[in-house]
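Biologist: I am new to this structure. Could you take me through the terms as we go?
Modeller: Gladly. Here it is.

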Amino acid sequence: MGVDIISNYGTFFLVLAVLFGFYMTWGIGANDVANAMGTSVGSGAITVGQAILIAAVFEFAGAFIAGGHVTATIRKGIIDAGPLAGHPELLVYGMLAALLAAAIWLMIASTRGWPVSTTHSIVGAIVGFAVAGIGIDAVQWGKIGQIVASWVVSPVLGGLLAFLLMLSIRRFILNTEHPFESAKRWGPFYVFLVGFIIALVTLFKGLKHLDLTLSVGMSFVLAVGIGAAVALVSWVLIRRVRIDAAADRTFHYASVEKVFAPMMIFTACAMAFAHGSNDVANGIGPMAAVVSIVKSGGEVAQKAELPLWILILGGAGIVVGLGTLGYRVMRTIGTSITELTPSRGFCATLAAAATVVLASRTGLPVSTTHIAVGAVIGVGLARGIGAIDLRVIGGIVTSWLVTLPVGGILAALFFFILKGVFG
């Protein structure tokens, strides 16, 4: 009977998967990508238009070049799909419901300017469908416990590293006798760290689905080479920055901050590429699952191919989301939590990227969004508790806590509606 439903309504399910999948990637662009670009825009290093252009190019490049060509049908092993083997239509309902639920929550959060975790939104939605459609035992509750732990671990790790980076920039650049010269001397070294770390993120996480296999040692050598090349380009750009005496009369460090502006362009491109390679393919995994089940006539596979057109659709959704509603989350990250200058934004972005690569090697289930928010808080705390807006942080933490239950309840509701309509 389940196979009959798939064959009778297969085209309709595909249309729904495309619509809901586009809606979901729109939400990723409006929230997750806006979060990644927020430090660069908020610090004044790049404009919103430039952020959209960088995201359009590097998010898609990351997803296409280094993203996975195969995606797990059941994300992160959080549910056991065994009982669904004879009922593929239930998994189709579940994935459609999860996509719609996560997309709606991302839209609500983006409208409010809350930077929430895309991964946790879809995980909460899939858990909600699993409890409603399969049973409470189908959920791997240990995985959920790890996600709850990441609410604390992610921002603390990102915040601590950002705090230390900010102290190092003060020590080597801002508090020296000639901060402008110190910034030009140390700038390429910090950009080297950006290229090195993002290259490692990509090599460790992004290329594992491709045939290209590199040992840990080879990955480090290649990352050092990429870091050195990026540092060389930044050295050429930084050399062109000149002291602005008029601006320095208004703000003592105005010329020093101008040195960090070209450096932020590298972090913005790198973050977009890393995000595209790591999170975009995951975000559209449920859409690929529905397409796979319908095209195979009802076969429930643990892995599903990720066709190129789905990646293109996902990339388009992200750009539209960032361009239409992304400014609200960018405003929260870039200006509401604490005042960001190019040097502070640079520290926050570099700390976030470094924490992601550290977490990817240790297996900690951290959230990129939570790390980035923690990093911005850490940069603010380097100037004292009074430099951060605790009211804004309270709103963000509340949105993190309700992400899983809201996604789950919405998904369960949509699952029962779909089941009632199609049988």
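Modeller: Start with a cut-off: buried means under 20% relative accessible area, exposed means over 50%, and partly exposed is in between. Keep in mind that this is a predicted model.

Biologist: What makes K258 count as partly exposed?
Modeller: Its relative accessibility is 37%.

Biologist: Why is the pair D244 and K258 called a salt bridge?
Modeller: The closest N and O atoms of D244 and K258 are 3.8 Å apart. The cut-off is within 4 Å, for a side-chain nitrogen of Lys or Arg and a carboxyl oxygen of Asp or Glu. So the pair qualifies. The structure holds one salt bridge.

Biologist: How do you know whether G317 is buried or exposed?
Modeller: The relative accessible area of G317 is 0%. Buried means under 20%, so G317 is buried. G317 sits in helix 11, residues 308-336. Beyond its neighbours within four places in sequence, G317 is in contact with F22, T25 and W26.

Biologist: What makes helix 10 mostly covered?
Modeller: Nine of its 11 residues are buried. Among them are P286, M287 and V290. After helix 10 comes G297, with a positive phi near 80 degrees.

Biologist: And L390, buried or exposed?
Modeller: L390 has a relative accessible area of 54%. Exposed means over 50%, so L390 is exposed. L390 belongs to helix 14, residues 390-422.

Biologist: Which residues form the nonpolar patch on the surface?
Modeller: L390 is there with L160, F163, L164, L167, L381 and I385. Together they have about 620 Å² of accessible area. Helix 5 gives the largest share of the patch, four residues.

Biologist: How much space lies in the second largest pocket?
Modeller: About 270 Å³. It is lined by 13 residues, and the closest to its centre are G195, I198, I226, V230 and A270. The largest share of the lining, six residues, comes from helix 6.

Technical notes:
Residues numbered from 1 in each chain as written. Predicted model: local features only at pLDDT ≥ 70, side-chain atom pairs only at ≥ 80, totals over all residues. Heavy atoms only, no water. Patch = residues over 30% accessible without salt bridge, like charges linked within 9 Å, V, L, I, M, F, W, Y side chains within 5 Å. Areas by Shrake-Rupley, 256 points an atom, 1.4 Å probe, with all protein chains shown as cover. Helix = DSSP H or I, 4+ residues; strand = E, 2+ residues; numbered from the N terminus. Buried < 20%, exposed > 50% of the residue type's maximum accessible area, 1.4 Å probe, protein only. Contact = heavy atoms within 4.5 Å. 1 Å grid on protein atoms, 1.4 Å probe; cavity = no way out; pocket = protein on both sides within 12 Å on 5 of 7 lines; lining within 4 Å. Points joined across faces, edges and corners; volume = space filled by probe spheres on them.
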